[in-house]
Amino acid sequence: MIKRYILGSLAAAAGCVMLLGTIHTETLQQGISEKILRFHVLANSDSGEDQALKLKVRDAVGTYLAKPLAEAESLEESEAIVEENIPEIEQVAGNVVQEEGYDYTVDASLESCMFPEKTYGEYTFPAGEYQALRLVIGEGGGHNWWCVMYPNLCFSGSMYQVDEQSGEKLQAELTNEEYAAVLQSGDYKVRFKILRFMNRVLE
């Protein structure tokens, strides 16, 4: 009886901690999302050919945007650059599609998108809505590619890379708490450790 009471109390306490942790995570995610711009590329399908095409389109668009975005000093400037270049982005992507022998349409837009939790180097961004350059190839029915476009955690030339300068820029944009949260040992991981602990206790 006592053991059952203790376990019940532990479960209730863990539930409260989990709830508070979830609310805290959502608040952090909203704060982070207001300071970064992401990049979202959707392949036509999950075929090997379409997935390979997605990466070629990604690299071409990344190379095209690397120089203008390198001069952006804020999220607002980055969004303005992307918005102004939507026709050119679609043309760059469309050229790759045609050169590879496909007739898929390519649609680019700056919009709010749902992102899963994703890790780039040592940084893990919580799931939620983020403003993003969304690039849809053909039907957009294949696996996606995700990245952070501002501060630039996506490209060094045409390659994915998180360098020291990018990390410093990210740290400057975020609050101390937000920056701590996107590190892999960030606060929003704690509730999962609590859940694993409770599972062991209740087995």
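1. Leaving out residues up to four places away in sequence, Asn44 touches Asp50, Tyr104, Ile137, Gly138, Glu139, Gly140, Gly141 and Gly142. Asn44 sits in the loop that runs between strand E1 (37-42) and helix H2 (48-70). With a relative accessible area of 13%, Asn44 is buried, because buried means under 20%. One of its contacts, Glu139, is 95 residues away in sequence, yet the C-alpha atoms of Asn44 and Glu139 are 4.9 Å apart in space. Please keep in mind, here and below, that this is a predicted model.

2. Now a step back to the whole chain. The protein chain has seven helices and eight strands. Of its 203 residues, 40% are buried. Among contacts with a separation of 6 or more, 72% are between residues 24 or more positions apart. The pair Asn44 and Glu139, at 95 residues apart, illustrates such a separation.

3. How many aromatic pairs does the count come to? The count comes to six aromatic pairs, with ring centres within 6.5 Å as the criterion. Take Phe115 and Tyr130: their ring centres are 5.7 Å apart and their planes stand at 85°, so this pair is edge-to-face. Phe115 belongs to strand E2 (residues 106-115) and Tyr130 to strand E5 (residues 128-137), so the pair ties together parts that are 15 residues apart in sequence. Phe115 and Tyr130 are both buried. Together with Trp146, Phe115 and Tyr130 form one aromatic cluster.

4. Tyr130 also leads us to helix H1. Ser33 lies in this helix, which covers residues 2-33. Setting aside neighbours within four places in sequence, Ser33 is in contact with Glu129 and Tyr130. Is Ser33 buried or exposed? Its relative accessible area is 16%, so Ser33 counts as buried.

5. Another residue to look at is Ala181, placed in helix H6 (residues 176-182). Ala181 has 2% relative accessibility and therefore counts as buried. Which distance separates Ala181 from Gln29 in space? From C-alpha to C-alpha it is 9.0 Å, while in sequence Ala181 and Gln29 are 152 residues apart.

6. For the helix packing, have a look at H3 (residues 75-84) and H4 (residues 86-99). The axes of H3 and H4 come within 4 Å and cross at roughly 60°. That angle makes H3 oblique to H4. On the H3 side the contact is made by Val82, Glu83 and Glu84, and on the H4 side by Ile86, Pro87, Glu88 and Ile89. By type, the residues of this contact divide into four nonpolar, no polar and three charged.

7. Finally, a backbone detail worth a look in your viewer. Most peptide bonds are trans. The bond from Tyr150 to Pro151, however, is cis, with omega near -10°. Pro151 is found in the loop between strand E6 (144-150) and strand E7 (155-156).

Note on methods
Residues are numbered from 1 along each chain as its sequence is written. This is a predicted model: local features need pLDDT of at least 70, side-chain atom pairs count only at pLDDT 80 or more; totals for chains, interfaces and linings use all residues. Side-chain values use heavy atoms; hydrogens and water are left out. Axes are lines fitted to C-alpha atoms, for helices over the stretch in contact, and angles run from 0 to 180 degrees between N-to-C directions. Helices (H or I, at least four residues) and strands (E, at least two) are DSSP runs, numbered from the N terminus. Angles under 35 degrees count as roughly parallel, over 145 as roughly antiparallel, 65 to 115 as roughly perpendicular and the rest as oblique. Contact means heavy atoms within 4.5 Å. Ala, Val, Leu, Ile, Met, Phe, Trp, Tyr, Cys and Pro count as nonpolar, Asp, Glu, Lys and Arg as charged, and the others, Gly among them, as polar. Buried means under 20% relative accessible area, exposed over 50%, partly exposed in between (1.4 Å probe, protein chains only). Rings of Phe, Tyr and Trp (its six-membered ring) pair if their centres lie within 6.5 Å; planes under 30 degrees apart count as stacked, over 60 as edge-to-face and the rest as tilted.
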